[in-house]
Amino acid sequence: MVKVNGNYLKLKAGYLFPEIARRVKAFSEVNPKVELIRLGIGDVTEPLPEACREAMKAAVDEMGTLDGFRGYGPEQGYLWLREAIAKNDFQARGCEVSPDEVFVSDGSKCDSSNILDVLGEGNRVAVTDPVYPVYVDTNVMAGRTGEALQSGRYEGLSYLPLSSANSFEAEIPDQKVDLIYLCFPNNPTGAVSTREKLKEWVDYALKNNALILFDAAYEAFIQDSQLPHSIYEIDGSRDCAIEFRSFSKNAGFTGVRCAFTVIPKTVKGKTSSGQEISIWDLWNRRQSTKFNGVSYIVQRGAEAAYSPSGQAQIKGLVSFYMENASIIRRELAHAGLTLFGGEHAPYVWIKTPDGMGSWDFFDHLLEKANVVGTPGSGFGAAGEGYFRLSAFNSRFNVEKAMERIVALS
Ligand code: MLT
């Protein structure tokens, strides 16, 4: 019989969101008439921006003509999209990123996982706890960890604990690590980082020859103009950081699929014999072998996100979800709950009341308020005692969910 990848057997449970879906399905089967409100997975609900839709429709029509038809596109993405990204997302903020350093893809989740393909074994990997579970699970799958421990953590990973005591911002490690996952604005806690703190991370990475994997999928939700949107706003980061970005949450592309990864040509790794090698070269090699690019139609939709009307429509979407977040914050604070996040991120991170466990609170809200959220412990052992609500839903549903939760208190 064929041998399987035994690393998968180390995974503790199903991926968090399918696990929630399984529990919700079981509840709905027993309670078919109950109308659930889903504030669990961070999936957008509002219609696609008109500018993106019109651009995609025009691209479909173009593809229906002999002259406009396109087959395989460039694996790295069409140059016009990479130019729009480099100019609007980076150069406009004073960051030195060239179109050549942008790789268009179908998702940040995929890229932040696939990057392990070009990174060797034996790297000491640091993740925060709680953390977006993809960073941990993909390291487990790739054999970069030991077994699962009783605590819910994995042997071989360095965990950087987050709590209200450190404002959900990890301390710089006191030992050497090689790979550091950072996510700002943070999923799940909604915390943001300052330029000063990011500079400390960059300095640490430069001093220790470490690589920062910076997930900025939620940067559009930052409300304070002083806060950094990109790691490349920090001096020295071009030598030690890769950044992941996405059109999923700002332009509502979770179902359309388009994202990008920036790998500066100056980021280097080393071979087993100690020779310096460009990570850009390896990623380019990987993508041209394993990836055929994002469809022309979708890339035209993403490009339109940078048009003046696209920018205005995206701003409207982000404001809409952030208004939801402030409703969640206001109502739950009235209900006496302790809250974090939700000010520069579409996630509100809640301390569970009366020391309730995260999954107990999940069941409590599911059964008593018919609201689905995400148990903090699903993001790591240190997430126990917390609960995440997503602001991605209609205004009607968010208000109704809050009424139901407040009524329980
Ligand atoms: C979440 O709810 O954490 C997000 O949906 C994760 C993701 O974007 O993959």
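**Pockets, a ligand and cavities**

Guide: Let us begin with the second largest pocket of this predicted model, to whose lining helix H3 (79-90), strand S7 (241-246) and helix H9 (308-334) each supply at least two residues. Among these elements, H9 gives the most, with 5 residues.

Visitor: Why is the second largest pocket said to lie between domain 1 and domain 2?

Guide: Domain 1 (6-47 + 309-408) and domain 2 (69-306) both give residues to its lining, so the pocket lies between them. The lining has 24 residues, and Glu219, Ala220, His229, Gln311 and Ile314 are those nearest the centre of the pocket. The volume of this second largest pocket is about 610 Å³, and its lining holds 10 nonpolar, 8 polar and 6 charged residues.

Visitor: What is known of the largest pocket, and which elements give two or more residues to its lining?

Guide: The largest pocket has a volume of about 730 Å³, and of the 28 residues that line it, Asn123, Asn209, Lys268, Gly269 and Lys270 lie nearest its centre. Two or more residues of that lining come from each of helix H6 (195-208), strand S9 (268-270), strand S10 (276-278) and helix H7 (279-290). Sorted by class, the lining of the largest pocket has 12 nonpolar, 9 polar and 7 charged residues.

Visitor: What makes a residue one of those that surround the ligand?

Guide: A residue counts as near a molecule if one of its heavy atoms lies within 4 Å of it, and the residues found around the ligand are Phe17, Ile41, Gly42, Lys109, Tyr132, Asn187, Tyr218, Lys249, Tyr347 and Arg388. This shell draws at least three residues from each of domain 1 (6-47 + 309-408) and domain 2 (69-306), and by class it divides into 5 nonpolar, 2 polar and 3 charged residues.

Visitor: Why is a cavity not called a pocket?

Guide: A cavity is a set of points where a 1.4 Å probe fits but cannot get out, whereas a pocket is an open set. In the whole structure, a search finds 2 cavities of 30 Å³ or more. The largest cavity has a volume of about 70 Å³, and its lining includes Thr128, Val131, Tyr135 and Leu162. Strand S5 (residues 179-183) gives the largest share of that lining, 3 residues.

Visitor: How many residues of each class line these cavities?

Guide: The largest cavity has 9 nonpolar, 2 polar and 1 charged residues in its lining. The second largest cavity, with a volume of about 40 Å³, has a lining of 7 nonpolar, 2 polar and no charged residues; among them are Phe184, Pro185 and Val192.

How values were computed. Residues are numbered from 1 along each chain as its sequence is written. This is a predicted model: local features need pLDDT of at least 70, side-chain atom pairs count only at pLDDT 80 or more; totals for chains, interfaces and linings use all residues. Side-chain values use heavy atoms; hydrogens and water are left out. Ala, Val, Leu, Ile, Met, Phe, Trp, Tyr, Cys and Pro count as nonpolar, Asp, Glu, Lys and Arg as charged, and the others, Gly among them, as polar. Domain bounds come from an automatic or database domain assignment. On a 1 Å grid over the protein atoms alone, a cavity is a set of points where a 1.4 Å probe fits but cannot get out, and a pocket is an open set with protein on both sides within 12 Å along at least five of seven lines; lining residues have an atom within 4 Å of a point. Grid points are joined across faces, edges and corners, and a volume is the space filled by probe spheres set on the points. Helices (H or I, at least four residues) and strands (E, at least two) are DSSP runs, numbered from the N terminus.
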